[in-house]
Amino acid sequence: MTVFEDRKKQFEEQFRHEQDLHFRITARANRMFGEWAAARLDLTGAEADDYAEAVVHAQFDKPDVVAKVHADFQAKGVPTTERELRSQLASLKRSARRQVMTA
């Protein structure tokens with residue numbers, strides 16, 4: 001292999017690794033966000049787990065999980081704002097990043 005091929009392979013591997021980390025952090029943060037939202041919606045047990053899983057899967061349907069949770073809160077009459085939800089998700093993303101990076 002040439003030096004350029006080696007460097008290309010290294011960059012591709014680094015990109016793949018960074019994408020994997022980003023995915024894992026986002027999935028964990030969305031799971032934590034779903035668990036937090038489930039508690040605010042007074043869901044417990046299997047219902048809470050199912051809801052948290054639905055929030056994780058919502059990232060694939062529509063990348064804005066905040067919109068899903070906000071709509072669910074409105075449907076159940078839970079007072080909140082998108083700003084509050086985005087702030088909560090940002091906080092959970094920081095926690096998720098720490099968890100993933102130390103795991």
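Setting aside neighbours within four places in sequence, Gln-59 makes contact (heavy atoms within 4.5 Å) with Phe-23, Thr-26, Ala-27, Asn-30 and Val-65. The model is a predicted one, in which local features need pLDDT of at least 70 and side-chain atom pairs count only at pLDDT 80 or more, while totals for chains, interfaces and linings use all residues. Residues are numbered from 1 along each chain as its sequence is written, and side-chain values use heavy atoms, with hydrogens and water left out. Gln-59 belongs to helix H2, residues 45-61; helices here are DSSP runs of H or I with at least four residues, strands are runs of E with at least two, and both are numbered from the N terminus. With a relative accessibility of 15%, Gln-59 counts as buried, a label that means under 20% relative accessible area, with exposed meaning over 50% and partly exposed anything in between (1.4 Å probe, protein chains only).

Now for the chain as a whole. It contains 4 helices and 0 strands, and its elements run α-α-α-α from the N terminus on. The radius of gyration of the chain is 17 Å, well over the 13 Å that the globule rule gives for 103 residues, so the chain is more spread out than a compact globule. That radius is taken over C-alpha atoms, and the rule is 2.2 Å times the number of residues to the power 0.38. Along the principal axes, the C-alpha atoms fill a box of roughly 60 × 25 × 20 Å. Of the 103 residues, 34% count as buried. As for contacts between residues at least 6 apart in sequence, 60% of them join residues at least 24 apart. The chain exposes about 7,100 Å², with carbon and sulfur atoms supplying 53% of that area; accessible areas come from the Shrake-Rupley method with a 1.4 Å probe, and for residues only the protein chains shown count as cover.

Next come the aromatic rings, of which the structure holds 3 pairs. Rings of Phe, Tyr and Trp (its six-membered ring) pair if their centres lie within 6.5 Å; planes under 30 degrees apart count as stacked, over 60 as edge-to-face and the rest as tilted. One of these pairs, Phe-33 with Trp-36, is stacked, at 5.8 Å centre to centre and 10 degrees between the planes. Both residues sit in helix H1 (residues 3-40), 3 residues apart, or about one turn of the helix, and both are buried. Trp-36 also pairs with Phe-73: the ring centres are 6.1 Å apart and the planes are at 35 degrees, so this pair is tilted. Since Trp-36 lies in H1 and Phe-73 in helix H3 (residues 65-76), the pair ties together parts that are 37 residues apart in sequence. Phe-73 is buried, as is Trp-36. Taken together, Phe-33, Trp-36 and Phe-73 make up one aromatic cluster.

Not counting residues up to four places away in sequence, Phe-33 touches Val-55, Val-65, Val-66, Val-69, Leu-85, Gln-88, Leu-89 and Leu-92. The C-alpha atoms of Phe-33 and Arg-86 are 9.9 Å apart, although 53 residues separate the two along the chain.

Helix H4 (residues 82-102) has 21 residues and reaches 30 Å from first C-alpha to last, close to the 30 Å expected at 1.5 Å a residue; the expected span is 1.5 Å times one less than the number of residues. Its buried residues are Leu-85, Leu-89, Leu-92, Ser-95, Ala-96 and Val-100. They cover an arc of only 135 degrees around the axis, which puts them on the same side of H4, the arc being that of the directions from the helix axis to the C-beta atoms. The face turned away from this buried side carries the exposed residues Arg-83, Arg-98 and Thr-102. H1 and H3 are included in what covers the buried residues of H4.

Back in H2, the 17 residues should span 24 Å at 1.5 Å a residue, and the end C-alpha atoms are 25 Å apart, which agrees. Ala-48, Tyr-51, Ala-52, Val-55, Val-56, Ala-58 and Gln-59 are the buried residues of H2, and they pack against H1 and H3. In the loop between H1 and H2 lies Asp-42, which has a positive phi of about 60 degrees although it is not a glycine. At 67% relative accessibility, Asp-42 counts as exposed.
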